[in-house]
Amino acid sequence: MKTLNSKSITTYNNIDLFKQIDYLIKNETSKHFIIPHICVEYNKNISGFSKELYNRYPLLETNISISSAPKKICNTLVVDSNPNTKGKVIVANMYCQSNKKYNKRSLHYGQLVYCMYEIKNFIQNLKIDFPDFTAELHCPKFGIGSAGGNWLFIEDLINDIWGNNNVFIYNHIASKRT
């Protein structure tokens, strides 16, 4: 794949994704913030980033549960995280990690690409329907860790697929909870 012109891809180290979004919501009145992340198909045991995401936005799990969209492999479920954010924080669950292993990893790259294009199309359709719609993608460094993906390859996919959007990648640091 060849990377085309990129609008803006920024990587943050030592910055909490959730605190950054809270800060941006207070200071950016017109933008929407999309948090894409990888989910395991039919997984009832939530851990890692997903667990913190659901702790941060408790209504997210309810919104996912009542959604009629299938929560299966090669599907992206886009939900409003919390009515209090007035649609500003949108979570995109990319179901592209399986309980099966593909070449020593549970992340399926082909399904990841499909899910990433679904998010791209979601943004493009909103821009058509609402010309003033602006969005940024804020995501953890996804697809690595237990998913077993290669970050350099995933980063190329981000450039190729989402490169015309503002994308912020976080080496996610979990908030300290007491």
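Of the 178 residues in the protein, 47% are buried in this predicted model. The accessible surface of the protein amounts to about 9700 Å², and carbon and sulfur atoms account for 50% of that surface. Among contacts in the protein between residues at least 6 apart in sequence, 70% link residues that are at least 24 apart.

The secondary structure of the protein consists of five helices and seven strands. Read from the N terminus, the elements follow the order β-α-β-α-α-β-β-β-α-β-α-β.

Strand 6 is paired with strand 2 and with strand 7. Strand 2 (residues 31–40) runs parallel to strand 6, and the two are joined by four bridges. Within this pairing, threonine 134 of strand 6 is the bridge partner of lysine 31. The pairing of strand 6 with strand 7 (residues 166–170) is likewise in the parallel sense and extends over five bridges. Here, proline 140 lies opposite tyrosine 170 of strand 7.

Notes:
Residues numbered from 1 in each chain as written. Predicted model: local features only at pLDDT ≥ 70, side-chain atom pairs only at ≥ 80, totals over all residues. Heavy atoms only, no water. Pairing = 2+ DSSP bridges. Buried < 20%, exposed > 50% of the residue type's maximum accessible area, 1.4 Å probe, protein only. Contact = heavy atoms within 4.5 Å. Areas by Shrake-Rupley, 256 points an atom, 1.4 Å probe, with all protein chains shown as cover.
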